[in-house]
Amino acid sequence: MGRVTPTNRRDVLRAGAGLVAGGAMANGCGTTGTATAAPPTSPSASPSVSPSPSSSSAAERLPLQVTHGPRDSAKVALTFHGQGDPALATRLLTTAEQHGAHLTVLAVGTWLDACPAMARRILDGGHDLGNHTQRHISINAMAEAGARKEITDCADRLQRLTGSIGRWFRPSRAATASPLVARLAVAAGYPHVLSYDVDSLDYTQPGASAVTRKVLAEVRGGSVVSMHFGYQDTADALPDVLQELHRRGLRAVTTTELLS
């Protein structure tokens, strides 16, 4: 797909290909409202990930910035920016589980501070949980000390809540990490930066059917799809997305499973 500018995102979504479209947690976490993710830069050329007989050797062969998995795979990864209304987040997780699917959630540290029970809810559902920076600001534009703190502060939250920093890091407000941010992520314990090859553009709030069409127009074996918690359109679109993936013989799995 050609590059989508901020001014034409909504039109592109509404004119998408005509494919088949088909409670808040405890521990002091109430409804926090919709997420406010800024449009990320579209990912550049997608490096391939070759299938490998073992998960350890597969991990070694991954590029620093991972955009998609093996194209001969019957699996895809639906990845979610973890921020926004915990009730919608819980609904998305439950919908996935009801369809036998597992998601990857890249959580924002301040969201984990406000909604600490969500970390365990995600993992208990069999989903991946990773790092999407502490405050969800433009990390690629930050100086080294500030960018490092954005990564390590979120990692600290994950470690405290789950006993692990998680395997995956995704930069905030960007599809790919700058060389500096990628280096800082590796130093913090994340050997790979998780990008994507399909952007649902759900944060533009174009309607559930438009989100569904956008994803299904571009997804294929090995795809990593970018979506967001905190948007009603996304929650409404997910059942149709999962049903159509199943019809095509594609299974939604965690990023760890896709790339292992």
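This is a predicted model: local features need pLDDT of at least 70, side-chain atom pairs count only at pLDDT 80 or more; totals for chains, interfaces and linings use all residues.
Which residue stands opposite Thr79 in strand 3?

**View A. Strand 2 and its pairing with strand 3.** Thr104 in strand 3 is the residue that stands opposite Thr79. Strand 3, residues 104–107, pairs with strand 2 in the parallel sense, and four bridges link the two.

**View B. Strand 2 and its pairing with strand 7.** Strand 7 comprises residues 224–228 and runs parallel to strand 2, to which five bridges join it. Within this pairing, His81 has His228 of strand 7 as its bridge partner.

**View C. Strand 2 and its pairing with strand 8.** Three bridges connect strand 2 with strand 8 (residues 251–253), again in the parallel sense. Here Lys75 is placed opposite Arg251 of strand 8.

View D. Strand 2 spans residues 75–82, and seven of its eight residues are buried, so the strand is largely enclosed by the rest of the structure.

View E. Thr255 belongs to helix 10, which covers residues 255–258. The relative accessible area of Thr255 is 0%, under the 20% limit, and this residue is therefore classed as buried. Leaving aside residues up to four places away in sequence, Thr255 touches Ala77, Thr79, Thr104, Asp128, Trp168 and Leu194. Among these contacts are Thr79 and Thr104, the two residues that stand opposite each other in View A.

Conventions: Residues are numbered from 1 along each chain as its sequence is written. Side-chain values use heavy atoms; hydrogens and water are left out. Buried means under 20% relative accessible area, exposed over 50%, partly exposed in between (1.4 Å probe, protein chains only). Two strands pair if DSSP finds at least two bridges between them. Contact means heavy atoms within 4.5 Å.
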